[in-house]
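Below are some notes for a colleague who has not seen this structure before.

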Amino acid sequence: MSHEHHQLDLAGLGYSYGAKEALSSVEFSAHCGQRLALLGPNGAGKSTLIRLLAGLLKQQGGIINWRETPIAKARREIAYLPQIDQHQRHFPIRVRDVIAMGRYPHLGHLKRFGEIDREKTEEAIATMNLGDIANRQIDQLSGGQQQRTYIARALAQEAHVLLLDEPFNGLDIESRCHLSDSLIDLSKSGHLIIASHHQLESVTEIFTHALVLDRKQIAFGPASEVMVSEAVRQTLHSCHPHAHERVL
Amino acid sequence: MPMSEFFEIPLYQRALLATLIIGFVNGYTSAFVLLHRSPLKLTALSHSLLPGVAIAAWIFTLGVFSAFFGAVIAAVAIGVLTVLLSRVTKISDDTVLAVLYTGAFAVGIMVLQKLGSNQDLENWLLGNILGLSDLDLWMSFGVGIIAVTMLSLFRRAVVINLFDSEVAASLGIRTRLLDYASFTILILVLVTTLQAVGCILAIGMIVTPAAIVRSFVSTPEALFPLSGLVGALGSALGLLLSIQFGQPAGASIAATLAGLFILSVILRVSLPKIQT
């Protein structure tokens, strides 16, 4: 997959829940190969932005274009990875079947699950190193394994953009290292990674770019530059009392 | 009565056929109910059907179509009222639903009382699988085909939606439409079950089979058909037992399914660990 012309462009994007404005004036461009962190205090609009990009909220105005066409026309190229444990508990389903869900946009209701679908699913299982546990029930997995399963589903979907909602939440240190390695590998293989994130100390290690929100866009740019700007320090400092020391 | 005689009597043959059809359709649908985790909502729904049927019988005459439309209107009215009142009062929708369905059920009983025939009342409350007409049977058969076909044809989307509705929406599945369609199928199945075993025992048929099967399967693809099979065979066993021991058919079917559930749990815990 290549890449730089696979670009996501946002302009004048906002969203309100009833009379309450959750997000306004979001404007940036990102392309495949980048890893973008969404930062900001609770209620800053990170989840709202992810949900808008994933098509879970109806766009109220502004522009979201993927490869120069409205994102709504490119659903199959955008994968949404929810927080771990969001799915229904005790659901009788194997890891392999969860990954195969990624083929839905290619199959719709009626097409048979064919050879190509099986290949893409097995490829995703192999890439994410899930071969040993592919027949386990999803509820038997650790947080890190679940996260890998979700990424494998995005790969089976052949998505270009991966939207991750707080992917590092609830993971132990080892799983966090594996996940950040996976995200780096995925972007190198041509994916655009967008993840909400709140561990400020690891932003520059994991992400190439950062978007800081506080109900509106505060800053956007290369992670190393954004994390030292004064406006950003003030915004993030207000939610993390010790952010100042950790960021600098 | 010896079983050989049982199979020679047309009334019982028809009852057995009806039980197999209704048992299979309910069993198949019970897989959806189990994965949707909605048995309590369904209990409310089935009680809400009674006033619809009663009022339809009062205004028109009691027939399968008037009963059907009355039931559908009542279920939709209770559903919409629940959402509205819960929004206005800020009281949880579970509470509002409990208030409305018991109220509706009570109104249904009073209307049926006013109609004057206690036999009718008993039929709608407890069902009468031996008294089903040809039209009732065809109706069950038709609804069964629609329900099983829809749940099979759209299984892929239904399962993803039940597993995680946000992921389903992000994959392009029209989740709200799917929810409405599923709700409609549940009402259709409940209404046709109502006449066989009554509005209270119907819950047993549309919940228990999948609960029996669940411990032994690891995929939704296995859960749906096996629940249908267990629903059909378990209900037929209930009917045969009811004739053997002179008990009401609906009660016997519900009790047999509940007994099979307990047996399945005992079997599951005594079996060596199998991966589910």
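1. Helix H1(A) lies across E1, E2 and strand E4 (63–66) of chain A, and runs at about 60° to E2(A). Contact means C-beta atoms, placed from the backbone, within 7 Å; axes are lines fitted to C-alpha atoms, for helices over the stretch in contact, with angles from 0 to 180 degrees between N-to-C directions. Helices (H or I, at least four residues) and strands (E, at least two) are DSSP runs, numbered from the N terminus.

2. This is a predicted model: local features need pLDDT of at least 70, side-chain atom pairs count only at pLDDT 80 or more, and totals for chains, interfaces and linings use all residues. Residues are numbered from 1 along each chain as its sequence is written, while chains are lettered from A and ligands numbered from 1 in the order in which they are written.

3. In H1(A) (residues 46–54), 8 of 9 residues are buried (20 or more other C-beta atoms within 10 Å of a residue's own, C-beta atoms being placed from the backbone). Among them are Leu49(A), Ile50(A) and Arg51(A). Gly55(A), with a positive phi near 80°, follows the helix.

4. The open sheet of chain A has 4 strands in the order E2-E1-E4-E5, with antiparallel pairing (at least two DSSP bridges between two strands). E2 (20–31) and E5 (69–70) of chain A are at the edges with a single partner strand each, so one side of each has no neighbour in the sheet. E1(A) (residues 7–17) and E2(A) pair over 8 bridges.

5. Chain B has 23 residues in contact with 19 residues of chain A. H8(B) gives the most to that side of chain B, with 5 residues.

Key: Buried ≥ 20, exposed ≤ 12 C-beta atoms within 10 Å, placed from the backbone. Contact = placed C-beta atoms within 7 Å.
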